[in-house]
Amino acid sequence: MNPHLRVSNSDVQYVIDILISEGWLSNNLRIHESENHDFRLIPLGPMCPAKLPPPLDNYPISMKEGVPDSRKRPDWSTILRGKIGTDVLSKYEPFWPKSHEIIGDIMILKIEAEVRQFREEISESMLLAHPKLRVVLEDRGVMGTYRIRDTLPLAVRSGRDLLLGTKINEVRSKVDVKESGCIITCDPVTAYYSSRLQTERIHTADEAEELRDQIGNSINVADPFCGVGPALAHLVNRPGLVNSLLASDLNPNAVKLLNENLSRWTKKKIDPEVTAFTKWDGNLWSGVEDANNLPLKKDLRGIWNLLIINLPHSFTTCLAPLLPLMDFEKPSLIRGRLVCKSDDLENIRSSISDLLPAYSDVKINPRNDYSPSVKLCSVTIRTSG
Ligand SMILES: C[S@@+](CC[C@H](N)C(=O)[O-])C[C@H]1O[C@@H](n2cnc3c(N)ncnc32)[C@H](O)[C@@H]1O
């Protein structure tokens, strides 16, 4: 028996896109119709959590016999077996890549040290198994202040040829991705972007709409660690949701892409080459800025209803200096992510509460394990005004 999401026909593509971006769709089972032909059953893969986050939690999970996808071309491990043989494949069984991230037509792949010697065979097998992929990059971890991945090109499709390792000259890594109908231009080699956070972004946009309804007006949104702006894509594209917008980041390459995105989403005249922190018109600011400096700007203080902090290792230290930006006279929302030891969750929750106005509601939900004792959590803080 396999877990399947029961989804109405009109929502099928929306749900599939989210599952693919999170790496939660089954690779070898097929989407099929329910017994009454009124729903589609979408098979979930082994990396999918038992408790799904919003918006996927709107759909019931049914345990059903999976239908193997016989129409599919051989998967990458079958192709790899043909290259290295069954014995070698079995010998290194625990170490082969278990998951990957797809960004546009780029696959980003972690490769364990034990099987690095096979990285050309692995990446070639990936390109052969996924004909829409153009590039396979090795993910050697996120590094530095800009939180950019250290990547190494492993395989590139060039027309009908596949170039491997040292034969690769140049790789175009700027790509467009689609999330909930919005195009986001990104470049995983020069600026942070993860397709895996789409459900978090949808959750933020749903919470933002609730806040707008509470306040009775479109809201002011500040994202001082915005990268190329993926969280903002979901907000500015919802009608009547956003009034003023503050989008900034330390990484100039991220800001160029952000400005490209903002000018497309808002239809405002924004020059992507101008990375300096700029007020583009009455209610849109973007540019390179250290988040710590924002509250020093008088016209930015006390006006924001939603603050987004996506810097998981530094959430708690970033929060206090940014609070002067908030308009706590009205209901407000702070959304972010934080990394913490499981044992520290309650202490962190109460030290965050101490920084906020009375009766604030601080929710910290562990989303996945960094290590057995460390959790990556989603944070939602609501203040009542
Ligand atoms: C984990 S990434 C998140 C980016 C974006 N919010 C997203 O979800 O794709 C953190 C971002 O914070 C930026 N950053 C780090 N320290 C910063 C600071 N002091 N001020 C402004 N941005 C900073 C990095 O350049 C990076 O783009």
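Helices (H or I, at least four residues) and strands (E, at least two) are DSSP runs, numbered from the N terminus. The structure is a predicted model, in which local features need pLDDT of at least 70, side-chain atom pairs count only at pLDDT 80 or more, and totals for chains, interfaces and linings use all residues. Residue numbers start from 1 along each chain as its sequence is written.

**Figure 1. The cis peptide bond between Pro-54 and Pro-55.** Pro-55 sits in the loop between strand S3 (39-43) and strand S4 (61-64). The bond that leads from Pro-54 to Pro-55 is cis, its omega being near 0°. Most peptide bonds, by contrast, are trans.

**Figure 2. Overall architecture of the protein.** The protein contains nine helices and 19 strands. It is divided into domain 1 (2-64), domain 2 (76-173) and domain 3 (194-383), with bounds that come from an automatic or database domain assignment. The C-alpha trace spans about 65 × 50 × 45 Å along its principal axes. The radius of gyration is taken over C-alpha atoms, and the globule rule is 2.2 Å times the number of residues to the power 0.38. For 385 residues, a compact globule would have a value near 21 Å, and the 22 Å of the protein agrees with this. A residue is buried if 20 or more other C-beta atoms lie within 10 Å of its own, exposed if 12 or fewer, and partly exposed in between, with C-beta atoms placed from the backbone. On this criterion 37% of the 385 residues count as buried. Two residues are in contact if their C-beta atoms, placed from the backbone, lie within 7 Å. Among contacts with a separation of 6 or more, 63% join residues 24 or more positions apart.

**Figure 3. The contact between domain 1 and domain 3.** The C-alpha centres of domain 1 and domain 3 lie 29 Å apart. Eight residues of domain 1 are in contact with seven residues of domain 3. The side of domain 1 that touches domain 3 has five nonpolar, two polar and one charged residues. In this classification Ala, Val, Leu, Ile, Met, Phe, Trp, Tyr, Cys and Pro count as nonpolar, Asp, Glu, Lys and Arg as charged, and the others, Gly among them, as polar.

**Figure 4. The shell of residues around the ligand.** A residue is near a molecule or strand if its C-beta atom, placed from the backbone, lies within 6 Å of it. There are 21 residues around the ligand, of which Phe-225, Gly-227, Asn-251, Ala-291 and Asn-310 come nearest. By class, the shell comprises 13 nonpolar, five polar and three charged residues. Domain 2 (76-173) and domain 3 (194-383) each supply at least three residues to this shell.

**Figure 5. The nonpolar cores and the surroundings of Val-136.** A nonpolar core is a set of buried Ala, Val, Leu, Ile, Met, Phe, Trp, Tyr and Cys residues joined through C-beta atoms within 7 Å. The largest such core has 73 residues, and Val-136 and Leu-307 have the most contacts inside it. Helix H7 (residues 252-266) provides the largest share of this core, six residues. At least three residues of the core come from each of domain 2 (76-173) and domain 3 (194-383). Beyond its neighbours within four places in sequence, Val-136 is in contact with Met-107, Leu-109, Ser-123, Met-126, Leu-127, Leu-154 and Ala-155. Another core, of 13 residues, lies apart from the largest one and includes Val-15, Leu-19, Leu-41 and Leu-52.

**Figure 6. Buried residues of helix H4.** Helix H4 covers residues 119-129, and its buried residues are Ile-122, Ser-123, Glu-124, Ser-125, Met-126, Leu-127 and Leu-128. The elements that cover them include helix H2 (76-84), strand S6 (106-109), strand S7 (135-143), strand S8 (148-158) and strand S9 (161-164).

**Figure 7. Positive phi values at Arg-147 and Tyr-359.** Most residues other than glycine have a negative phi. Arg-147, in the loop between S7 and S8, has a phi near 55°. Arg-147 is buried because it has 20 C-beta neighbours inside 10 Å. Tyr-359, in the loop between helix H9 (345-355) and strand S18 (361-371), has a phi near 65°. Tyr-359 is exposed, since 10 other C-beta atoms lie within 10 Å.

**Figure 8. The setting of Trp-280 in strand S14.** Strand S14 (residues 278-281) contains Trp-280, which counts as partly exposed because it has 19 C-beta neighbours inside 10 Å. Residues up to four places away in sequence aside, Trp-280 touches Lys-268, Ile-270 and Ser-286. The C-alpha atoms of Trp-280 and Lys-269 are separated by 7.6 Å, with the two residues 11 apart along the chain.
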